Amino acid sequence: MEIERKFLTKEVPFSLADFPARKISQCYISMSPTIRLRQWDDRYILTVKGKGLLAKEEFELEITKEEYDHLLTKAESPAVEKVRYLVPLEDGLTAEVDVYEGKLTGLMTTEVEFPTLEEAEAYEPPYWFGKDVSFDHRYKNTSLSLYGIPEERE
């Protein structure tokens, strides 16, 4: 079960270069059900996600580069390119700050995964996280890959 909240972040009050980062490329070979291909470094991951916004079932399988390249030919969406910075938070949580590239340049989001739904709902984010977009379909990566950055950004 993946339980996470997502925020529209305008800026961070520190240098992201001080934190571990990975460049991620991902696309979708199916939107319903959601089947994602993701690559970073020399890792290739096939992910199947269930329905839901705050909480959803998720299954990940590491695949070979050859399997990834074959599945990539079946992509229904352009790739989403981003750099993900891992920023430690209190209570053992981690902020995943995504700085998007390519057609999504200018967009930055922050996601936090939680062990329980109760913790996710009770979480008080730091001010710099920005607007909570956990329930805004426009900020799901599937939507971003197809439609780009939503017109209205607060």
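**Charges, strands and rings**

Author: A network of salt bridges links Glu2, Lys49, Lys56 and Glu58. A salt bridge here is a side-chain nitrogen of Lys or Arg within 4 Å of a carboxyl oxygen of Asp or Glu. This is a predicted model, in which local features need pLDDT of at least 70 and side-chain atom pairs count only at pLDDT 80 or more, while totals for chains, interfaces and linings use all residues. Residues are numbered from 1 along each chain as its sequence is written, and side-chain values use heavy atoms, with hydrogens and water left out.

Reader: How many salt bridges does the structure hold?

Author: The network of Glu2, Lys49, Lys56 and Glu58 is made of such contacts. For the structure, the number of salt bridges is 14.

Reader: Which residue of β9 is the bridge partner of arginine 5?

Author: Strands are DSSP runs of E with at least two residues, helices are runs of H or I with at least four, and both are numbered from the N terminus. Two strands pair if DSSP finds at least two bridges between them. Strand β1 (residues 2–8) runs antiparallel to β9, joined to it by five bridges. Within β9, arginine 5 has as its bridge partner valine 112.

Reader: Which residue stands opposite valine 112 in strand β8?

Author: Strand β8 (residues 94–100) also pairs with β9, in the antiparallel sense and over five bridges. Opposite valine 112 of β9 stands alanine 95.

Reader: Why is strand β9 largely enclosed by the rest of the structure?

Author: Buried means under 20% relative accessible area, exposed means over 50%, and partly exposed lies in between (1.4 Å probe, protein chains only). Strand β9 covers residues 108–113. It is largely enclosed because the number of its six residues that are buried is five.

Reader: Which residue forms a salt bridge with arginine 5, and how many residues apart are the two?

Author: Arginine 5 counts as buried at 10% relative accessibility, whereas aspartate 132 is partly exposed at 31%. In the salt bridge between arginine 5 and aspartate 132, the closest N and O atoms are 2.7 Å apart. The pair links distant parts of the chain, arginine 5 in strand β1 and aspartate 132 in strand β10 (residues 131–132), with a separation of 127 residues.

Reader: Are aspartate 98 and lysine 82 buried or exposed?

Author: The side chains of aspartate 98 and lysine 82 meet in a salt bridge of 3.1 Å, N to O. Aspartate 98 lies in strand β8 and lysine 82 in strand β7, so the pair ties together parts 16 residues apart in sequence. At 0% relative accessibility for aspartate 98 and 0% for lysine 82, each residue counts as buried.

Reader: What is the distance between the closest N and O atoms of glutamate 81 and lysine 23?

Author: Glutamate 81 is partly exposed, with a relative accessible area of 25%, and lysine 23 is partly exposed at 44%. Their salt bridge brings the closest N and O atoms to a distance of 3.9 Å.

Reader: How many aromatic pairs are there, and how are the rings of phenylalanine 14 and tryptophan 128 arranged?

Author: Rings of Phe, Tyr and Trp (its six-membered ring) pair if their centres lie within 6.5 Å; planes under 30 degrees apart count as stacked, over 60 as edge-to-face and the rest as tilted. By this rule there are seven aromatic pairs. The ring centres of phenylalanine 14 and tryptophan 128 are 5.2 Å apart and their planes stand at 90 degrees, so the arrangement is edge-to-face.

Reader: Where in the chain are phenylalanine 14 and tryptophan 128?

Author: Phenylalanine 14 is partly exposed at 27%, whereas tryptophan 128 is buried at 9%. The two are 114 residues apart: phenylalanine 14 is in the loop between β1 and β2, and tryptophan 128 is in the loop between α2 (117–122) and β10.

Reader: Which residues form one aromatic cluster?

Author: Both tyrosine 123 and phenylalanine 129 are buried. Their ring centres are 6.3 Å apart and their planes lie at 40 degrees, so this pair is tilted. The cluster is formed by Phe7, Phe14, Phe19, Phe114, Tyr123, Trp128 and Phe129.

Reader: Which residue is joined to serine 32 by a cis peptide bond?

Author: Most residues other than glycine have a negative phi, and most peptide bonds are trans. At the cis bond, omega is about 0 degrees.
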